[in-house]
Every structure is written in C-alpha cells, then in structure tokens.
Amino acid sequence: TAYEIGLGIPAEPLFRSWRDSFSCLLSADSPLVNKFNLNAYLDAKHVWVSKTGFGVGVGMDPKDVQKLGWVDEALARLGKKRDIKVFTRNYHVAMQLAYEDNLIATLPTKAAQLHKNDSNYTIIKPPFEIPDIELKMIWSPLLHHDASHIWFRQLVIAAALKCQENM
C-alpha cells in the first residue's frame, strides 16, 4: 500500500511499530460488568480519547462518526452510535473517568492492560467487532539514507520492539 507524506511525496510503510486490539475498561463496581452486551454498551455513557484534541469543545460534531475513530466507525457499520459524554486527550484520564464516573473507556488493549492487576477495574472484550489498530512508521525515500534520520528510526524501532516484549 502506498502512502503520501508531506507535500505528496510517496512513501511506503517500512516498519509496523504497533498492532493492538481494543478492550473496554470499566469500574469493577459497574452494574454493566455482569450484563455486558451490545445493548448495555450502547445504553451506557462513554469517555473517548482524542489524541488530536478534536472533540465537542473544538467544534467537532460528536454525531459525525467518520471523524471519531475506529470504535465509532465499527459501530456505524452496525448502524449504531454510542453516547460519548467526555472527550479527553489522555488515556490515563479516560481510565480514571471510567472508574470515578462509571463510564466505559474503549481503549487499545495495551493501554487497558495497565490496570489488569487493579481490583478497581474490569477489562472486558467489546461486544462487537472492532478492527485492530496498526501504527506504521513511514518516511520519505528522500530521507532513507540520511544519517540522522536512520539514527532516529533505529531509536523508534528499538523502543517499539521493547514495548512489544514487555506486553
């Protein structure tokens, strides 16, 4: 698959740095824990992480699922929408809100697993299919042989491999 970066310069994905599924993080005391199905998921209130800062506060319409991401695109394919009550830019804030405000945080599994040994949380598989996310490191062919870019790519690759080993 070809990609474009910058000013339309073609690039190819040369290193898959991350692949992950999704999980739902809930307070262990949530009444949903014992009746977690699609209807319960849709009836619940949700917290959503936007790493770009998009959300209701910056003019994004929460009804526009095409801009909300993988989870909401998967729900849209089913003709469904979830009730997003809080937008945040931080996974840790989303996790805390799931616990304190009885919200569902649907997160990459590796992020949810940070609480796998915390009795305050429950991690549950989503009640519908969400395609895995995959992060790829791509770069312009113009930088492929640049010494500083090679050094930086090696650092990123080493960090990604170390994270994969620790999960």
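This is a predicted model: local features need pLDDT of at least 70, side-chain atom pairs count only at pLDDT 80 or more; totals for chains, interfaces and linings use all residues.
Me: Where does Val-86 lie?
Reply: Val-86 lies in strand 5. Strands here are DSSP runs of E with at least two residues, and helices are runs of H or I with at least four, both numbered from the N terminus. Residues are numbered from 1 along each chain as its sequence is written, and side-chain values use heavy atoms, with hydrogens and water left out.

Me: How does Val-86 count by accessibility?
Reply: Val-86 counts as partly exposed, because its relative accessibility is 25%. Buried means under 20% relative accessible area, exposed means over 50%, and partly exposed is in between (1.4 Å probe, protein chains only).

Me: Which residues is Val-86 in contact with, leaving aside its neighbours within four places in sequence?
Reply: They are His-46, Val-47, Trp-48, Leu-97 and Leu-103. Contact means heavy atoms within 4.5 Å.

Me: How far apart are Val-86 and Leu-103?
Reply: In sequence, Val-86 and Leu-103 are 17 residues apart. In space they are 9.0 Å apart, C-alpha to C-alpha.

Me: Zooming out. How many helices and strands does the chain have?
Reply: The chain has five helices and eight strands. Along the sequence the pattern is β-β-β-α-β-α-β-α-β-α-β-β-α.

Me: In what order do the five strands of the open sheet come?
Reply: The order is 5-4-6-3-7, with mixed pairing. Two strands pair if DSSP finds at least two bridges between them. The edge strands are strand 5 (83-88) and strand 7 (121-124), each pairing on one side only. Neighbouring strands are turned by 30° against each other on average, direction ignored.

Me: What packs on the sheet?
Reply: Helix 3 (residues 91-100) does. Helix 3 touches strand 3, strand 4 (45-49), strand 5, strand 6 (104-108) and strand 7. Its direction makes about 145° with that of strand 6. Axes are lines fitted to C-alpha atoms, for helices over the stretch in contact, and angles run from 0 to 180 degrees between N-to-C directions.

Me: In what sense do strand 3 and strand 6 pair, parallel or antiparallel?
Reply: Antiparallel, over four bridges. Ser-23 stands opposite Leu-107 in strand 6. Strand 3 and strand 7 also pair in the antiparallel sense, over four bridges. There, Ser-27 has Tyr-121 of strand 7 as its bridge partner.

Me: And strand 4 with strand 6, how do they run?
Reply: Strand 4 and strand 6 run parallel, joined by two bridges. His-46 stands opposite Ile-104 in strand 6.

Me: Why is strand 6 largely enclosed?
Reply: Five of the five residues of strand 6 are buried, so the rest of the structure largely encloses it.

Me: On to cores. How many residues has the largest nonpolar core?
Reply: It has 17 residues. A nonpolar core is a set of buried Ala, Val, Leu, Ile, Met, Phe, Trp, Tyr and Cys residues joined through side-chain atoms within 4.5 Å. Those with the most contacts inside this one are Leu-26, Leu-32, Phe-36, Tyr-41, Ile-104 and Phe-128.

Me: Which elements give two or more residues to this core?
Reply: Strand 3 (22-27), helix 1 (38-43) and helix 2 (70-77) do. A second, separate core of 12 residues includes Val-49, Met-95, Ala-105 and Tyr-121.

Me: New topic. How many salt bridges does a search of the whole structure find?
Reply: The search finds six. A salt bridge is a side-chain nitrogen of Lys or Arg within 4 Å of a carboxyl oxygen of Asp or Glu. One joins Asp-132 and Arg-19, whose closest N and O atoms are 3.5 Å apart. Asp-132 is in the loop between strand 7 and strand 8 (133-139) and Arg-19 is in strand 2 (residues 9-20), so the pair ties together parts 113 residues apart in sequence.

Me: What else does Arg-19 meet in a salt bridge?
Reply: Glu-134, at 2.7 Å, N to O. Glu-134 in strand 8 and Arg-19 in strand 2 are 115 residues apart. Shared partners join Arg-19, Asp-132 and Glu-134 into one network.

Me: Last one. What share of the chain's 167 residues count as buried?
Reply: The share is 37%.
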